There are 4 protein chains.
Amino acid sequence: MKILINAKGKKFLAGSEDLHTDKGFIKKEEILSSQPGNVLETHLGHEFRVLEANINDYVELMERRCSILLPKDLGVMAAFTGLGSGQRVVEAGTGAGAATIFMSNIVGEKGHVYSYELREDFAVVAEKNIKEFGLENVTVKCADVVTRIDEKNIDLVFLDLPKPWEVIENAKDALKFGGYIVAYTPYIDQVKLFTRILKKRDFSDLKSLECILREMEVKDKGIRPKTRMTGHTGYLTFGRKL
Amino acid sequence: MKILINAKGKKFLAGSEDLHTDKGFIKKEEILSSQPGNVLETHLGHEFRVLEANINDYVELMERRCSILLPKDLGVMAAFTGLGSGQRVVEAGTGAGAATIFMSNIVGEKGHVYSYELREDFAVVAEKNIKEFGLENVTVKCADVVTRIDEKNIDLVFLDLPKPWEVIENAKDALKFGGYIVAYTPYIDQVKLFTRILKKRDFSDLKSLECILREMEVKDKGIRPKTRMTGHTGYLTFGRKL
Amino acid sequence: MKILINAKGKKFLAGSEDLHTDKGFIKKEEILSSQPGNVLETHLGHEFRVLEANINDYVELMERRCSILLPKDLGVMAAFTGLGSGQRVVEAGTGAGAATIFMSNIVGEKGHVYSYELREDFAVVAEKNIKEFGLENVTVKCADVVTRIDEKNIDLVFLDLPKPWEVIENAKDALKFGGYIVAYTPYIDQVKLFTRILKKRDFSDLKSLECILREMEVKDKGIRPKTRMTGHTGYLTFGRKL
Amino acid sequence: MKILINAKGKKFLAGSEDLHTDKGFIKKEEILSSQPGNVLETHLGHEFRVLEANINDYVELMERRCSILLPKDLGVMAAFTGLGSGQRVVEAGTGAGAATIFMSNIVGEKGHVYSYELREDFAVVAEKNIKEFGLENVTVKCADVVTRIDEKNIDLVFLDLPKPWEVIENAKDALKFGGYIVAYTPYIDQVKLFTRILKKRDFSDLKSLECILREMEVKDKGIRPKTRMTGHTGYLTFGRKL
């Protein structure tokens, strides 16, 4: 997936069709034949650099109809579960597909992400996003994980759902020995209930984390944490099938 | 790599030789032929479950002669750089190899981690750790990245060094267009100097982050953040070659 | 100082003149003769409750031409210096007078706040605010603490200035044995320089603190930290004359 | 209350009797007639400086049989309630008296702290601590605030109790119009229940805060937040009688 960046750093998804901007257009063919780092010009002579989009570039620009998980939470989730190349993951719900794309990028072509989404409109957009970015290791399913998880021997079940505790039974069946279940929930009350049922279902290594991310402002006159920050997104609650 | 877990949840690295514990021993052959989830017994009749070690299990148990990066920081680093399967990474310094193993696990067999370590004693231990865990996509080099980085077209240069700014020039040569440089540094003064030189060398998307991780304590009498927490590990400072 | 609160909780400073609102007016005399908790009506029949303003009510409504210190930082400052009734404080700069009013409220009529402000326009507004609120233990001086501090035997010198290190010499003369100097500074670089000079001037008990305040959102559907929070205001750096 | 400090900065409560240290002793009379800043010598010739103890010096050294509230939380509580000279406060439970002394120091001789403690052993120690420090504006009562609060027209009711919601009814009667109730509680579940009942009892300006205090380490080789920090003490939940 290519991205074009203008002089001000603004990014545009590109490649499936001609790029039309308020500074003129660039032909699809020209984009397709370009290499990362090349400079292309619109018919009005404005320059755009070509970049191979990484997942964050793409997620920033793709269509979304719902809020998405932030890199900070996805990163902590991946690190504490040891997510890696070749793993097989079940996810619910898909939403716009940001977490899906994040995990797909890590598990790679030897791995697979099975992503369940109840709402058909979300599933359609997520599928489009995933296809557009060229990911071939993802299956989006418009289905309910509370009813049924088809897969077995899964490394990670990742839940971004209001009632993740309803999935614990099915997740346990789907997980391999040593696999992880993780729920992302904004409310502490959800952490409590989810943890209680994980415990009852004999999950091990229970842990509930919150990642507070501070960005530093580095200016000539000095360094300080930024004045504005996100106060809270959600808690990540982990259990392991042992 | 297999791990054996006793009834209390204590873990033991296993497989390259017989396991000797204070509850008796288990033969190497028995361990090798076991499957994850199996229960093995020592000659004294104590039970151990078999687990396929994930990277965190292993890093926790492996030999180390220096402090290691925590999953929270590695996760945030990976998420903000879009680290994924198939990527090629340069790292310095290797230390005990915790970050190396983390990245190796993500980039997978299509990717590669080139890890530079100045101190030979550290490099030897890291190499041993990496081999023991069975990773084949890592090259440990006892060499100085300030002098020279051999690789080109790299996706990520990750620096855990006291003076990461000395590597910026070489990192820029090694990186592909769109690739990232990241420094992990405990002191704010290092953030300042590193950022200043990144800027001078025309790196884009400069960002400096600190991940504060809070663990929640979920007990019958209530929920609260844990009383003890790590106050600070280090800052992650990012630049991108654009 | 009285405040009138309407049905929606909106507050209005009142008492020095008739109150005019978009729901009608209330006569000055009526306000003056009312008691806290009374309900007054505008000539159009809209109800307002009478409240004796505390300092936070007042600071929220008073005139200001510059940003003010937040209660979180003032509270931590007061707690770590043992600020109390009867103490004598030197402050610079006054700004709109929020910190002045905070300290005046604590030191009470047996104590005193000497507040230095370089800019005459700020000093005039601060003086007006302080008089209007009825504080009699404050002296606002349009003067430079770097040049001279007139007072001796002071319990606390509180500095909200860009270069607090320039005041250390004069502060030391003004402080009593056991008294505190505190600087509020947004940048870490200021913390560094201020601390270095405090050390050189033999101040004891050096400490630099940051207060991160999280507000919880308690709703029917659950509890969570608020999504929005202030990421950073300033550091409080303490020294003690011992 | 005087304190003697040795060359290493160690502090000793002094004045009610001779001071005996491992470096020799100093006579009570000598201590009583000394001034802050004076240097006294033990009979063995070791020097101690005389300091008028502020509340933090004293709280650090006084007898305690239970954990105490930290300055960070007391400061935030005082700042958000506008606690000041001349105010009248009801507190429960007294514990060792740290919060009592903090509030006593602020409300001064025109104010008063009525401190309720159920356990007689705690009340006895607290009373001793308060008398020893010379505070005359405190009344410690060995009684249960759930049963009865004797005072009226109170500015602040501060509760450090496991079930602060049981006191809401009595607190409302005791408070003046515009007065505050504050509960300090370690668990989020307590915040939830307390807030719910405050709401039902028509308290206004409900707010629940957590103060996370970070200490900076300023050394020659650089600045960083300290590695160790307290992860959590308690939440402060506020209501106002309006």
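Me: Which residue of β12(B) does A:Leu209 stand opposite?
Reply: In this predicted model, A:Leu209 stands opposite B:Glu215. Strands here are DSSP runs of E with at least two residues, helices are runs of H or I with at least four, and both are numbered from the N terminus.

Me: In what sense do β12 of chain A and β12(B) pair, and over how many bridges?
Reply: The two strands pair in the antiparallel sense over nine bridges; pairing requires at least two bridges found by DSSP.

Me: How many residues does each chain bring to the contact?
Reply: Chain B gives 48 residues and chain A gives 48 residues, where contact means C-beta atoms, placed from the backbone, within 7 Å.

Me: Which element of chain B gives the largest share of that side?
Reply: The largest share comes from β12(B), with 11 residues. Among the other elements that give two or more residues are α3 (71–81) and α7 (188–200) of chain B.

Me: On another topic, what rotation superposes chain B on chain A?
Reply: A rotation of 180° with 0.0 Å of shift along its axis does so, at an RMSD of 0.0 Å. The copies are thus related as by a two-fold rotation axis. The superposition is by least squares on the C-alpha atoms of residues with pLDDT of at least 70 in both copies.

Me: Which C-alpha of chain B is nearest the axis?
Reply: That of B:Gly75, 2.0 Å from the axis.

Me: How are residues and chains labelled, and which pLDDT limits apply?
Reply: Residues are numbered from 1 along each chain as its sequence is written, while chains are lettered from A and ligands numbered from 1 in the order written. Local features need pLDDT of at least 70 and side-chain atom pairs count only at pLDDT 80 or more, whereas totals for chains, interfaces and linings use all residues.

Technical notes
Contact = placed C-beta atoms within 7 Å.
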